[in-house]
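User: I would like a close look at one part of this protein. Please walk me through its salt bridges.
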Amino acid sequence: MDGLSLTTMTAYATLTTLQYQLVSPWRFSPIDQRVREGKVAVDLLRPISFPGQMLAGQLGWTSAAVPVLLVALSFALLIGAGQAPASAAAGFAYPVALIGALLVNQLLGLLLGMVSFWTLEVSGALMAYRFVAQFFSGALVPLWFMPGPVRAAAEWLPFQATAYTPAAVYLGQVEGAGIAAALGVQLAWIAALGALAAFVWSRARHRVMSQGG
C-alpha cells in the first residue's frame with residue numbers, strides 16, 4: 001500500500017510498540033502525588049531545581065526499559081518481525097532520534113504533571129493526553145497513512161517526534177537531509193518545551209504553601 005511493503009509495515013508496528021516501552025504517554029512523573037501529599041515542600045529545599053529532580057527521576061525510571069528494548073528488538077529481528085536499519089546513516093541516527101523522542105516525551109510529561117499545582121488532580125487531563133498523544137505520535141497509524149489535513153496537524157504537534165520520527169529514520173522513510181531535518185525538529189521541540197516548562201514552573205512555585213516548623 002502506498003509503495004510500502006508488508007515487511008516494512010510489520011517492522012514499523014514492531015518498532016513503535018517496542019519504543020513505547022521508553023516513550024510511553026502512560027509514564028509520568030509523580031508530581032501530582034507529591035503536591036497532594038505536601039512532599040513538594042521538601043523537594044524545594046534540595047539544591048537541584050524541582051523540574052530537574054522530576055526529570056531525573058523520570059529518565060532514571062524509564063531507562064530501566066532500555067535492556068528490554070534491546071533484547072526484544074534482537075528477538076524481533078531473529079523471528080522476522082523486524083528489520084535492520086535501512087542504511088548506515090539510519091543506524092547511527094536512530095539512537096539520536098530515540099533520545100530526542102525520550103526528551104520530548106519527558107518534557108510533555110513534566111508539563112502535564114505541573115498542572116496539578118492548579119488542579120491537584122490530573123487524571124482527566126492524562127486520559128485525554130494519552131488518547132491524543134498515541135494517535136498523533138504515529139504509534140497507532142503511521143503519519144504517511146493519515147489524510148492530508150490530519151497529517152498536517154500531526155506534523156505541527158510535538159507528538160510525532162516521540163514515535164514516528166525514530167521509526168521513520170530507522171526504516172529509511174526519512175533519508176539524507178531529511179534525517180537532519182527530522183532531528184532538527186526534535187531539537188526545536190526540546191528547546192520550546194523546555195522553555196515552556198521553565199515558564200510554567202516560575203508560576204507554579206508561587207502556589208506552594210507549607211505549614212509547620
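How far apart along helix α9 are Arg151 and Glu155, in residues and in helical turns?

Analyst: This is a predicted model. Arg151 and Glu155 lie four residues apart in helix α9 (residues 148-155), so about one helical turn separates them. The two form a salt bridge, and their closest N and O atoms are 3.0 Å apart. Arg151 has 27% relative accessibility, so it counts as partly exposed.

Now turn to Asp43. Asp43 sits in helix α3 (residues 40-43). Its relative accessibility is 1%, so Asp43 counts as buried. The side chain of Asp43 meets that of Arg34 in a salt bridge of 2.6 Å, N to O. Arg34 is buried, and so is Asp43.

Asp43 also has a salt bridge with Arg46, with the closest N and O atoms 2.7 Å apart. Arg46 has 42% relative accessibility, so Arg46 counts as partly exposed. Together, Arg34, Asp43 and Arg46 are linked in a network of salt bridges.

What else does Asp43 touch, leaving aside neighbours within four places in sequence? Besides Arg34, Asp43 is in contact with Ile48, Phe50, Gln53 and Met54. Phe50 and Met54 are also among the residues that Ile31 touches. Ile31 and Phe50, along with Met114 and Phe117, touch the most other members of the largest nonpolar core, which has 56 residues. Helix α6 (88-114) is one of the elements giving two or more residues to this core. α6 gives the most, with 12 residues.

Definitions and conventions
Residues numbered from 1 in each chain as written. Predicted model: local features only at pLDDT ≥ 70, side-chain atom pairs only at ≥ 80, totals over all residues. Heavy atoms only, no water. Core = buried A, V, L, I, M, F, W, Y, C linked by side-chain atoms within 4.5 Å. Buried < 20%, exposed > 50% of the residue type's maximum accessible area, 1.4 Å probe, protein only. Contact = heavy atoms within 4.5 Å. Salt bridge = Lys/Arg side-chain N within 4 Å of Asp/Glu carboxyl O.
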